[in-house]
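Hi everyone, thanks for coming. Let's have a look at the model together.

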Amino acid sequence: MSDTKNAAPFRVDELKGLDPEELAKRLATSLESGLTAGEAQARLERYGPNEVPEREESVWMRLLKRFWGPIPWMIEVAALLSALVGKWEDFTIILVLLFVNAGVDFWQESKAISALKVLQQRLARKARVLRDGRWQEVDVRDLVPGDVLRLRMGDLIPADAVLVDETYLQVDQSALTGESLPVNKKAGDPLYSGSVVKQGEARAVVVATGTHTYFGRTVALVARAEREERSHFQRAVIQIGDALIVMTVALVVIILIVGLFRQENLLELLRFALVLTVASIPVALPAVLTVTMAVGALELAKRQTIVRKLAAIEELAGVDVLAADKTGTLTQNRMTIERIRPHPPFQAADVIFYALLASREENHDPIEEPIFNEAKKLSLDRRLGACQVTDFVPFDPVRKRTEATVRCDGKELWVTKGAPQVILQLCEESLDDTDAVNQELEHLAENGFRVLGVAMREADGKTRFVGLIPLYDPPRPDSAEVVAEARKLGLDVKMITGDHVAIARYIARVLGIGERILDVRDLREAGMKEWQVLAEVLTRDLFEAFKPDADEAEVRRFTHRVIEDLTQIFEREHLGTVHRHESEIVHLVEESDGFAQVYPEDKYFIVDKLQKAGHYVAMTGDGVNDAPALKKADCGIAVEGATDAARAAADLVLLAPGLRVMVEAVELARQIFERMKSYSIYRIAETVRVVLLMWATITFFNFYPVTALMIIILALLNDLPILTIAYDNAKVARNPVRWNMHEVLSVSGWMGVAGLLSSFLLFYLTVVVWQLPHDLIQTIFFVKLIVAGHGTLYNTRTYDRWFWTKPYPSAILFWATMSTAVLGTLIGVYGWFFGHVMTPMGWSWAAFLWVYAFVWFLFNDFVKVSVYRYLERRGIVEPS
């Protein structure tokens, strides 16, 4: 046996179509005796085991990642400094916020099942292999290229292989390729790892194992997508945090320098700077946003949508392209009879009756199941009960039909069903409307229908054509409506399928998606279309020249056959193609309504190109073939009934059939995003107000408007009730929503400046005009910052419109903010807080501050709307 030591591993598509002996020669094996044990061991050492290597991150590494990054670093430094100066209350609060945020995120990830692990579990565990001239069972991981397999009905194909026996084999590879029907295989055809043998028994030669298989490449794509995965939410939080950190640290450093220059107490100065830093750094920002999304996840769960990754909610809100898998998502994934075409004098019931006689229910053939269902509707039980099948010949890919000999009421019948052209050729009775039948077949084929022809013959009679049975995978009843609703939300719906272009175009047209459905090969290569057009023109001219009396139907059939033959030759020999530039590919992907004949690499490729064009992509799917694209997409959505692999790779899992629940999830995600965005604007605006006030009064006036204790109380009374924003009412945006840092920083920055003006006016009145005692001024500022801060939230929850517009605040948000504002006022009025004392200010000052804060609240709202309208005019934000 020849040495394969220097041979490169093959791919199954490189060896398909070879003669069995040539295939055996290329793989240095024997179809009669298989590999020797020694050769198998040598190849195992060379190619490695037939398994997907698992690279699982340790629990500790996954946990420690939660404490790494700009915001966690600042929080951890603040906690450390709190411990060094003995501020254990601050230390405890900071650590609680840090661990809660990390814990929720880690828990969400731990709940998820690893996509790689689930994909690996799909592989078979044992295989029947010809080794040393005898059949034996070996572990699947020990299979090597060149092994001869024995496959039977129900087997999970353990590696990529090529069929070598001239027998009929029906294989379900829908979970890998997305095809809606099992595929008939013959000698020379490829078999993919992870597919299931539905019917037949045959030998096959292993071509590729492990990560070199079609299945292994799918797993590798999932792993690659996982490595490249990026969260827009995480980037937004980091950007917001970085902006606040830079501003706070810079101003605190100035305060320290000024204090040291004035020779103030160093320990007290450090303690105050520390407290101000902790209060200003967005310690609670990740926690509040995480809680907001967690509450949203519970709301989605009530709507039968399971969130596997919290950040997916924010991603879903920004999605502008929905790449929907056709089979099982937009369609019902079951073959259905469209409309029976009986041939006179036969009726529709006759077509089903004779087709049924040439079928076997126990085979559970998806092509035959709709025939049995239709028979029940037509109540053919009595008629069938009078018949007995005496001989049955099953379908095979060479004859392309089934046939049966039947005795009905003492009379013998012969019936057959199969490929229409084959059935028509069997008919001995001439048809008066042959052209009409052929035109109908062409029309059905162009629209993607799978068609069965039916014929029968009575004893000593002629074979008669009975009629046609068109089959297709019908759209879900609500798919068209859901597609329309998705488009109203600004989503560009693109259909992705492994089925033929004609089928895809028909379904896309019915659902209102559009008819610009491309063969996925057109993305990478150009040239085929031009050759097809040229061939059509030349064929028509030549045919009409040699046969001028031919009718249009005959010309069309001949031309269609020539183009099909030409296309097969081009595909096999890779002729006439030119590789496209990436910019052209991106343009094609953006402009198309969908793609057909798609493989896992293609789905991943399509999503990648859309993302490079700046789109947020949601990908729906249900099979193993969808897993890489689901992981690569900004929001991967596993639909109802999805495989474990698809669920593991997805961010959201739908528990209800169809896409309606997905559209509802988009609406809810946009509401959740609005809550997060309004809180972010609030948090930045408040930080700007507090830090700039402290910096300006300390630096220029040597005046501390609030004490360190007051800053801690402010942080508590502001951040704790703000968690209820997760339950607030929010609008549903008409278009996808995303983080626009220019918008967020502009609105919050100007609101912060407006708040600073109100504080400086109060400072001028209390210090210069009324000349109040220092301690009383600090209490007044403490209450003012609390009441005005709570008002800021009501400004920012409607950041792009007036505060009185709908939707109104939720009851839980209103009472949480109102109660803490009242509590802060009571603390200032009576001058106490858990044993600590501040100068009481009395009820008259409290009434004044509430009125003062309300007036500035109205002014802040005017500033907010003015800034937003300016941003609209500049084109920075879309009109609200």
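Leaving aside neighbours within four places in sequence, R476 is in contact (heavy atoms within 4.5 Å) with G328, T329, L330, T331, Q332, P657 and G658. A quick word on the source: this is a predicted model, where local features need pLDDT of at least 70 and side-chain atom pairs count only at pLDDT 80 or more, while totals for chains, interfaces and linings use all residues. Residues are numbered from 1 along each chain as its sequence is written, and side-chain values use heavy atoms, with hydrogens and water left out.

Back to R476, which sits in the loop between β18 (464-472) and α20 (479-488); helices (H or I, at least four residues) and strands (E, at least two) are DSSP runs, numbered from the N terminus. Is R476 buried or exposed? Buried, with a relative accessible area of 15%; the cut-offs are under 20% for buried, over 50% for exposed and partly exposed in between, with a 1.4 Å probe and protein chains only.

Now the nonpolar cores, meaning sets of buried Ala, Val, Leu, Ile, Met, Phe, Trp, Tyr and Cys residues joined through side-chain atoms within 4.5 Å. The largest has 122 residues, and L316, M662, F782 and M841 touch the most other members. Helix α29 (residues 660-701) gives the most to this core, with 20 residues. There is also a second, separate core of 30 residues, including I352, L380, C408 and V466.
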